[in-house]
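This report describes the fold of one protein chain for a reader who is new to structural analysis. Please keep the sequence and the model in view while reading.

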Amino acid sequence: SAIYSSVNVSLTVADLLAPKYSSNSSSPSSPAAYLKDRNYEFSATWTDNIVVSTVLMEHNFTGTSTNYTTTQSTNTYNYTYRDLPVGFYVWRMYANDTNNTFNSTDQFQLNITKANNEVNIYFDGVKNQNLQVTNSSALNVTATASTGTVYIYRDNNLAVSGTTPQTSSATLAAASYTYKANATGNANFSDNSTGVSQIATVTAPAPQWSSNTTSFPSGYTNG
């Protein structure tokens with residue numbers, strides 16, 4: 001009779017399928033003007049034939065490329081960063097599955113540009129409008145900017161400068177005066193040399209009559 005023998009064989013199936021990503025996004029999109037305390041949102045959708053184990057966010061927002069943890073919502077992995085200064089940045093996400101098979105997104109760029117340095121000028125509290133006033137009291141001219149050193153000029157002569165806000169106060173002779181305000185920028189805001197110009201027309205107050213009387217000499221007769 002035939003004699004049969006058995007052999008136990010262990011078969012290991014290697015998982016060669018790395019996680020796949022789709023629907024990557026960033027908000028706001030690049031390029032974006034600087035905005036103080038803005039949140040920057042990044043996300044990507046990851047799937048795997050087994051299970052996605054870990055997803056990391058790599059970026060150089062602090063100057064050096066470093067990995068950071070993400071938050072998960074079903075198959076979408078999210079990362080939030082607050083208040084990016086002006087600069088050119090890169091980011092991507094890495095993922096692995098439970099068999100330690102890795103994949104990464106492409107490397108994406110994020111360009112934060114300088115914001116406009118908004119300058120405004122106020123005549124006695126009235127914003128960016130020409131004004132007609134009498135010279136019976138001082139004219140208060142205030143200039144504001146997003147940042148930097150603010151300059152106020154009256155007829156091309158510097159009246160006052162310093163950190164925002166700045167105010168020039170003067171009692172002026174009757175005439176028309178052109179006021180201009182501009183400001184320097186900084187690392188996150190552009191210079192605004194053009195600024196804003198408005199005209200203040202100063203007039204003399206109208207004459208004031210208190211009384212109008214006529215007197216005649218004593219003993220005067222008509223005819």
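## A pair of strands

In which sense do S6 and strand S7 pair, and over how many bridges? S6 and strand S7 (residues 76-82) pair in the antiparallel sense, over 3 bridges. Strands are DSSP runs (E, at least two residues), numbered from the N terminus, and helices are DSSP runs of H or I with at least four residues. Two strands are said to pair if DSSP finds at least two bridges between them. Within this pairing, Thr71 stands opposite Asn78 in S7.

The model is predicted: local features need pLDDT of at least 70, side-chain atom pairs count only at pLDDT 80 or more, and totals for chains, interfaces and linings use all residues. Residues are numbered from 1 along each chain as its sequence is written, and side-chain values use heavy atoms, with hydrogens and water left out.

The protein chain contains 0 helices and 19 strands. Of its 223 residues, 30% are buried, where buried means under 20% relative accessible area, exposed means over 50%, and partly exposed lies in between (1.4 Å probe, protein chains only). Among contacts (heavy atoms within 4.5 Å) with a separation of 6 or more, 61% come from residues 24 or more positions apart.

Strands of a sheet pair through backbone hydrogen bonds, either parallel or antiparallel.

## The salt bridge

The structure holds 1 salt bridge, a term that requires a side-chain nitrogen of Lys or Arg within 4 Å of a carboxyl oxygen of Asp or Glu. The side chains of Glu58 and Arg92 form it, at 2.8 Å from N to O. Because Glu58 lies in strand S4 (residues 52-59) and Arg92 in strand S8 (residues 87-97), the pair ties together parts that are 34 residues apart in sequence.

Glu58 counts as buried because its relative accessibility is 13%, whereas Arg92 is partly exposed, with a relative accessible area of 23%. Arg92 is also touched by Thr105, whose other contacts are Tyr21, Ala44, Trp46 and Met93, not counting residues up to four places away in sequence. Thr105 lies in the loop between strand S9 (102-104) and strand S10 (108-113). Its relative accessibility is 3%, so Thr105 counts as buried.

## Aromatic pairs

Rings of Phe, Tyr and Trp (its six-membered ring) pair if their centres lie within 6.5 Å; planes under 30 degrees apart count as stacked, over 60 as edge-to-face and the rest as tilted. A search of the whole structure finds 11 aromatic pairs. One of them, between Phe42 and Phe61, is tilted, at 5.5 Å centre to centre and 35° between the planes. This pair links distant parts of the chain, 19 residues apart: Phe42 is in strand S3 (residues 39-47), and Phe61 is in the loop between S4 and strand S5 (66-69). Phe42 is buried at a relative accessible area of 2%, and Phe61 is buried at 6%.

Phe123 and Tyr179 form an edge-to-face pair, at 5.5 Å centre to centre and 70° between the planes. Phe123 lies in strand S11 (residues 119-123) and Tyr179 in strand S18 (residues 175-183), so the pair ties together parts that are 56 residues apart in sequence. Ring pairs also link a cluster that includes Phe42, Phe61, Tyr68 and Phe108.

## Nonpolar cores

In soluble globular proteins, nonpolar side chains tend to be buried together. A nonpolar core is a set of buried Ala, Val, Leu, Ile, Met, Phe, Trp, Tyr and Cys residues joined through side-chain atoms within 4.5 Å. The largest such core has 23 residues, and those with the most contacts inside it include Phe42, Trp46, Phe61 and Met93. The elements giving two or more residues to this core are S3, S4, S7, S8 and S10. A second, separate core of 19 residues includes Val141, Tyr177, Val196 and Val202.

## Backbone details

The peptide bond from Ser27 to Pro28 is cis, with omega near 0°. A cis peptide bond also joins Thr164 and Pro165, with omega about -5°.
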